[in-house]
Protein chains: 2
Amino acid sequence: MSTVKKLSAQRRRISLLLLDNKALVDSIINQQPTDTKKESLAVTENKAILDQTAEICQLIAEWHSADLADLLESLPHDERLALWRLIPIKKRGRVLIEVSDNISDGLIEDMRDKEILKAVRPLDVDEQAQLSRRLPRNLLGRILTALEARQRAQLREAINYDEDRIGYLMDFKLVTIRADVTLATVQRYLRYRKTIPDTTDKLFVTDRKNTLIGELSLAAILLHPPQTTVSAIMESHPLMFQPEDSLEEAAGAFERYNLISTAVVDSKGKLMGRLTVEDIVDVVNKENDSHLRRSGGLTPSEDVYAPIYKSVRNRWAWLAINLCTALIASRVIGLFENTLAHLVALAALMPIVAGLGGNTGNQTITMIVRALALHQLEHGKKSYLLLKELGVALVNGLIWGSVMGLVTYALYGDMAMGGVMMFAILLNLLLAALMGVLIPLGLMALGRDPAVGSSVMITAITDTGGFFIFLGLATVFLLP
Amino acid sequence: MSTVKKLSAQRRRISLLLLDNKALVDSIINQQPTDTKKESLAVTENKAILDQTAEICQLIAEWHSADLADLLESLPHDERLALWRLIPIKKRGRVLIEVSDNISDGLIEDMRDKEILKAVRPLDVDEQAQLSRRLPRNLLGRILTALEARQRAQLREAINYDEDRIGYLMDFKLVTIRADVTLATVQRYLRYRKTIPDTTDKLFVTDRKNTLIGELSLAAILLHPPQTTVSAIMESHPLMFQPEDSLEEAAGAFERYNLISTAVVDSKGKLMGRLTVEDIVDVVNKENDSHLRRSGGLTPSEDVYAPIYKSVRNRWAWLAINLCTALIASRVIGLFENTLAHLVALAALMPIVAGLGGNTGNQTITMIVRALALHQLEHGKKSYLLLKELGVALVNGLIWGSVMGLVTYALYGDMAMGGVMMFAILLNLLLAALMGVLIPLGLMALGRDPAVGSSVMITAITDTGGFFIFLGLATVFLLP
């Protein structure tokens, strides 16, 4: 843990230096040239600022790119930019890969084309492919021409895939061997190579046409006598993916079978690359992060330190949708102005009916969205599910409807009003359960993501429905 | 991909056989004895049912425990129990590890003590420790006595840790070597051992007192000449954890540094066990799952196929809380009955003010909870954040407040009412932003999880506050 603690102390020190230190931040941003030619700290004459700048540079010199990315994300806009200017160009490519998309855009904007090219060069092809989507369009061509032929072909291949496909994250660095050699030969070959790519837990066995015919784990090489041939001990039915397969599916397989890496082959079984558990962990985290944001009505590009105008623009759409649904609900209430004028107490009670419905509907939707995400409903009985949710709503509606009916009677001394309250709550909970099941299943059937927008839809329905049911019942039963 | 497709076809077939086939399900549940002594299918005479049962047994015979767990989770209660009865006892331990807690409870209930002991025996110590928390209390002693002394000590150790600590998932199976031997000796030792534990990417180098002094990756063994000594090429400052460290922190380090396994040592640096990336992937998934559920007001123990009474019990608390907050909001409206009696139109407009506030507050909270989870606010300026959110609310409030003010004027032809609407929306959005920042930060400062309950609190505040602000302004400015 000492490494982690040391890192954390260094982080705190850098934050301390930068935060509320406008002089330092401004000095770095103004004087640290974006131009790579003159990387001197010469311009300022303030000794304290020079010392502080040098201290930060020294602290981050040994840092891992992921730690730099974390620190950048945790700083407000100006401080972030100052730190960014202090990170050496050749380290920046990896940092850009690690920060989230919304933040990398701002950092890339701060760099000149030449710097970007310099930062991208040391990256692996799969990393270049990921980054190239976020770079200014004209730079991609320049990156491609700077590569050697084979890498250029790989990068062209990788940028063709959508972000949710395996091809997007496929790693081209791997070790292949032939099936008819001995382990001694394999080991000689590895020693001759001197390095193997990170996260290599197995070698891929291919024939002369590059068709994948098996896998050999590093452990197997170490555990068997040197004279054993590869074909005798290789796994000859390995799990393999194709680049157009979905990353979500691959993530499931990695989790299920505890994989470290798998082969990626084309439709003819020829080895193209591999997928590693690191990529999968990143996928899972990104997936969950975007889920968390969407459920709250934030776009994926919102950053906690985003400037006000960006945040306003990001949240615009959801507020507008909310306003429209609220207006519709309001018009439903407007229909019953006559009823409300006779019985003002109804105005105080109607939000309760709507609120309980919204709560029930959201509980149902959360459960169904989760079950859909875990593929638990694929072979299940959907009608059973609907009946069950209606059953739960019936029980809850009777219980809480009765409670609220009694409370209403106690408050207003009107038995009929209590009865209307009870039935309105019961009916709205049933409506909530019904739509709570049908909305996500319907979105799914239409090929849409059931997690997006279903919460807004259910709330709109239970609000409008709750007002209509309650005021409608009141109009029929309570008006003279 | 062929393995995945074959599996999926088999899944479909089993679901098809079990679902809507009450005769088969009942026959299995009644006749397949829970008693392990007689594992015959003898009792029924119906040929079709016998054939179907045999087909299912044959299909699942080769399945991985994770796939069995997935299928069990996707089946309704009776079908799930029937399939469970068909899974051989010795395979059940691993399946219990893989299914989620809420489902394993039901499956364990279905087993006799003797069966449970038999199922637990083949598991690794860390898996036994995980499972033992969910077993009937009296069984733990019997499991402990059945183990050999060393394993018993390890299990005792492991069950001492909370579920969010590394000790809880620590794996005791690992390979240690000495620093002064050559790689040739290491390789001879490994061949002599014949196997190494799954997910082994490195060996741990210890001294005679079992103190961890380094790590040697399998790749390094293969890449260096056999006469090299371990000490010359080992990583001598490895990242290591202690069992009381948090799993969340470990998950961060695994993601950041792309780790496959790390050492776990005690306070004196003695090697205790290791943590592997598989455990980490499980942790990340569980974390996200429980987050998803909590945000919707579901307890972690709710299962999509849970019987109605269980679901009612699970959702009870949230509905009750919702009812209380709705009642308070309702009483606030009740305060203004006189105002409402004069101007019934207010009743139709007030939910809009409350709704927009709730939307804004939840957006802010989602962002802050996320930033807290990612440790982005640790060194950040909280006052900056509050001002920024208030700024966003001010802009949005002016824009949408004006829009709704105009709509109100258009609908009711009352300029003053439009003005009240505009100011009420503006003030409620400011309230929402203020509380949206303060609630999660406050919960965090109190040592509580900011993700739990903050959404309910903000909605309660923006509802009550919205009604109060709107009706209060109306009382002052609109009443004659």
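**Two chains, one interface: questions on a predicted model**

Colleague: How many salt bridges does the rule find across the interface of chain B and chain A?

Modeller: This is a predicted model, and side-chain atom pairs count only at pLDDT 80 or more. Under that condition, the number of salt bridges across the interface of chain B and chain A is four.

Colleague: Which side chain of chain A meets B:Arg256 in a salt bridge?

Modeller: The pair has an N to O distance of 2.7 Å. The cut-off for a salt bridge is 4 Å, so a pair at that distance qualifies. The partner of B:Arg256 is A:Asp70.

Colleague: Which helix gives the largest share of the side of chain B that touches chain A?

Modeller: The share in question is 17 residues. They come from residues 345-373 of chain B, which is helix H20.

Colleague: Of what classes are the residues on the side of chain B that touches chain A, and how many are nonpolar?

Modeller: Charged residues number 26 on this side of chain B, and polar residues number 31. The nonpolar residues number 64.

Colleague: What is the area buried between chain B and chain A?

Modeller: The size of an interface is often given as the accessible area lost when the parts come together. Here 121 residues of chain B are in contact with 121 residues of chain A. Carbon and sulfur atoms give 64% of the buried area. The total is about 11,200 Å².

Colleague: Which helix of chain A holds both A:Asp26 and A:Lys22?

Modeller: The side chains of A:Asp26 and A:Lys22 meet in a salt bridge, 3.2 Å from N to O. The two residues are four apart, about one turn of the helix. Both lie in residues 22-31 of chain A, helix H2.

Colleague: In the open sheet of chain A, which are the edge strands?

Modeller: The sheet has three strands in the order S1-S2-S3, with mixed pairing. An edge strand pairs on one side only. In chain A these are strand S1 (176-177) and strand S3 (212-217).

Colleague: In chain B, which residue of S3(B) is the bridge partner of B:Val205?

Modeller: Strand S2 (residues 202-206) of chain B pairs with S3(B) over five bridges in the antiparallel sense. B:Phe204 stands opposite B:Glu215 in S3(B). The partner of B:Val205 is B:Gly214.

Colleague: Which residue in the turn between S2(B) and S3(B) has a positive phi?

Modeller: S2(B) and S3(B) form a hairpin, and five residues lie between them. The phi in question is about 70 degrees, and the residue is B:Asn210.

How values were computed
Residues are numbered from 1 along each chain as its sequence is written. Chains are lettered from A and ligands numbered from 1 in the order in which they are written. Side-chain values use heavy atoms; hydrogens and water are left out. Contact means heavy atoms within 4.5 Å. Buried area is the accessible area (1.4 Å probe) that two parts lose on being put together, summed over both. Ala, Val, Leu, Ile, Met, Phe, Trp, Tyr, Cys and Pro count as nonpolar, Asp, Glu, Lys and Arg as charged, and the others, Gly among them, as polar. Two strands pair if DSSP finds at least two bridges between them.
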